[in-house]
Amino acid sequence: MMRAMWSAAAGMNVQQFNMDTISNNLANVNTTGFKKARAEFQDLLYQTVNLAGTASSSSTSIPSGIQMGHGAKLQSLQRQYSTGNLRQTSNRFDMAIEGDGFFKVTQPDGTLAYTRDGGFTTDQNGALVNAAGYMLEPQITIPSDALSVTIAPDGTVSVTQPGQTQPQQVGQITLSHFVNPSGMNQLGRNLMQPTLASGDAIDGVPGTDGMGTVNQGFLEVSNVDVAEEMVNMIIGQRAYEANSKTIRTVDDMLSLLNGLKR
Amino acid sequence: MDSGYYVAAGSLKARSFQLEVVANNLANAATVSYKPDQSFFALFNKAGGSNRRLPLSAALNDGVVFGETGVVTDQGNLRATGRPLDLALEGNGFLMVRTPAGDRATRDGRLQLGQGGQLQAMDGSPVLGKNGQPIAVDPAKGDLSITADGTVQQKEAVLGQLDLKAFEKPGSLKRSGSLRFDPTGAVEAPMKGTVAQGHLEQSAVDTASTMVEMIRLNRLFELSLKVASTLSNDLDSKSINDVAISR
């Protein structure tokens, strides 16, 4: 009967992980470029008490056998890369990717990180940087006397300067995508890094080879759906409760057994 | 000892096994595509099959034993997730995945793209196509669509068809953990079912009836315990303390 107790404890444990994931999703309901995660469960291995097909007499065999399960386990946290809603900000350096792809920024240690958060701004030299001051890669510098900045859906950045009638192209934004974005390492601060599981970054021009397009003046909001998270929370809570009832039942039965001997 | 004592003890043991099955079902009440186990009990007649049947009554020799567990292959509810690599199976089909221990059947349709765009289960085991080979997807070629019959395509290009299999007597398939079944030795049956992309099949555990089962087994346990307690505490102690008293 102790197996029943451990199964229930394993069931409660996965629901705790589930709740952790849901609460992190809900905490990031207003985080630009945030992608919701989903806790994935599987059943644990089975102990075969009696193998199906074992002879029960010289002419018959057991049709089903006995296999005892040991509860559930957390297999992975799957991140879902569906595009969030686009929110208009009218800020000229805000960009949202519609479709696949990530912006690439250089971290202070020189390594590259990837993000869906397109809230960029300029630093003191006019270079495009994210909210933490990490430089967009490839680097784009906006001249200080630029009157207007246009970022086209294909990622070309052009400016008009005083005394000129034609806009001048000052850079080209490239995006990167991954075979398995769910396998990326989450660094926090809206940044991600590729791993063996995600595969190497595939760079490309926005709008080509399955890459999304860049929308100036928009930000991609979190793709967390509050209603869905609430439903998941209720399901998780009830599953947790059901497992706690198992533990109470085992406890009741063991106490009855102990009472057998007076 | 009174033979009734062993009948009661056998029942206690059978209920303990049943509780373990119920506990595992409840632990997986929110596990995608999980199929619950059902307990089956058998009448144990220790004199059965031999000529040692006692003259008094055959019922005195009967007891209950935990017979076997079977997988309940009820369809779980479908939940829309909108993720293109989430598949739900409707009907009696199973997806086939290749693991180091051999090919396994599963209803778990949470897929991902591995290195080289290979269609994989969550632990990286490749999902097999009709030709027995993994299916490779080029992520640069646009969105993946999987039709009701399991055909995997990107735009108009057909990349392969998922190997959907069904088995005779799916309830007696051997579980290998991680929501997988070992199909070795199982007889294939005609597949009647469809694939729903962007959906996941929820656990088929019915929490309400599982709770009722748990309450019921708890009471039956209590009942058998009363029998055992009556036999040992009341009857036996009476014989020991009162009848056999030496003056």
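Me: Let's begin with the contact, then: how many residues does it take from chain A and chain B?

Reply: The contact takes 56 residues from chain A and 50 residues from chain B, where two residues are in contact if their C-beta atoms, placed from the backbone, lie within 7 Å. Keep in mind that this is a predicted model, in which local features need pLDDT of at least 70 and side-chain atom pairs count only at pLDDT 80 or more, while totals for chains, interfaces and linings use all residues. Residues are numbered from 1 along each chain as its sequence is written, and chains are lettered from A and ligands numbered from 1 in the order in which they are written.

Me: Changing topic: how is chain A divided?

Reply: Chain A is divided into domain 1 (2–52 + 65–81 + 224–260) and domain 2 (86–220), with bounds from an automatic or database domain assignment. Their C-alpha centres lie 39 Å apart. Seven residues from domain 1 of chain A and ten from domain 2 of chain A take part in the contact between them.

Me: What about chain B?

Reply: Chain B is divided into domain 1 (3–73 + 205–243) and domain 2 (78–201), and 39 Å separate the centres of those domains, taken over C-alpha atoms. The contact between them takes seven residues from domain 1 of chain B and eleven from domain 2 of chain B. On the domain 1 side, these divide into four nonpolar, three polar and no charged residues.

Me: How many helices and strands does chain B have?

Reply: Chain B has two helices and 17 strands. Its radius of gyration is 26 Å, well over the 18 Å that the globule rule gives for 247 residues, so chain B is more spread out than a compact globule. That radius is taken over C-alpha atoms, and the rule is 2.2 Å times the number of residues to the power 0.38. The C-alpha atoms of chain B fill a box of roughly 100 × 35 × 30 Å along the principal axes.

Me: Which strands make up the open sheet in chain B?

Reply: The six strands run in the order E13-E14-E6-E5-E12-E15, with antiparallel pairing; two strands pair if DSSP finds at least two bridges between them. E13 and E15 (188–189) of chain B stand at the edges with a single partner strand each, so one side of each is left without a neighbour in the sheet.

Me: What do E13(B) and E14(B) form?

Reply: They form a hairpin with two residues between them, and B:Ser178 in the turn has a positive phi of about 50°. E13 (residues 174–177) and E14 (residues 180–182) of chain B pair over three bridges, and B:Gly177 has B:Arg180 as its bridge partner in E14(B).

How values were computed
Nonpolar A, V, L, I, M, F, W, Y, C, P; charged D, E, K, R; others polar. Helix = DSSP H or I, 4+ residues; strand = E, 2+ residues; numbered from the N terminus.
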